[in-house]
Amino acid sequence: MANYKTVASSEITLSQLMLPSHSNFSGKIHGGYLLSLMDQIAFASASKFSGSYCVTASVDRVDFLNPIEVGELVTLKASVNYVGNTSMMVGIRVDAQNIQTGLIKHCNSSYFTMIAKDESGATLQVPRLQLTSREQVMRYLKAAERISARKQRIATEPFAGDLAKALAFMASDHADVDVAAIKG
């Protein structure tokens, strides 16, 4: 019989005050710093759910919707939205709060695909996902749509990995390509 776990068993919340050391020259938090926090919470959520070490396989689109200022409290919330055989799609929401005014703004939502690994680095079967609410079912279905779209996008990549065709296309009218330098 398959092992099932609830979405709630994967839920993680992480809050951190944004410091000047996290910012760029204009006082906004570096996107790379935020991505690091997102990767950490995706790892924690997937590891908590699977009971194993996990690695990041892919990140499905990261849009920075609102800038985060120094002094704001950033809260990341993550949970497993979908599972495959050895993979989990972790949904992440990032909000920032001005702790003086209480104003909260949504800054980012993203989806990280995490792979469960055993001690030797081999992939590991993950538990099945028990969905207990309409919202969880909708998140699962949206994740399945993203996976389907990604597979379709990969299957229709231009030139199917054929470097000669790609170079010929680029040289034709889109770029000045020194084909000899690339092939050599």
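Which side chain meets that of Lys 28 in a salt bridge? I looked this up in the model, which is a predicted one, and found Glu 69 as the partner, with N to O at 2.8 Å. I then placed both residues: Glu 69 lies in the loop between strand E3 (53-60) and strand E4 (73-83), and Lys 28 in the loop between strand E2 (12-17) and helix H1 (31-50), so this pair ties together parts that are 41 residues apart in sequence. For accessibility I noted that Glu 69 counts as partly exposed at 26%, and that Lys 28 counts as partly exposed at 28%.

Next I searched the whole structure, which gave 6 salt bridges, and I followed up two further pairs.

One of them joins Arg 146 to Asp 60, with 3.7 Å between the closest N and O atoms. Here I recorded a link between distant parts of the chain, since Arg 146 belongs to helix H2 (residues 134-155) and Asp 60 to strand E3, 86 residues apart. Are these two residues buried or exposed? I found that Arg 146 and Asp 60 are both buried.

The other pair is Arg 139 with Glu 135, whose closest N and O atoms are 2.7 Å apart. I noted that both residues lie in helix H2, separated by 4 residues, or about one turn of the helix. Arg 139 has a relative accessible area of 36% and is partly exposed, while Glu 135, at 48%, also counts as partly exposed.

How values were computed
Residues numbered from 1 in each chain as written. Predicted model: local features only at pLDDT ≥ 70, side-chain atom pairs only at ≥ 80, totals over all residues. Heavy atoms only, no water. Salt bridge = Lys/Arg side-chain N within 4 Å of Asp/Glu carboxyl O. Helix = DSSP H or I, 4+ residues; strand = E, 2+ residues; numbered from the N terminus. Buried < 20%, exposed > 50% of the residue type's maximum accessible area, 1.4 Å probe, protein only.
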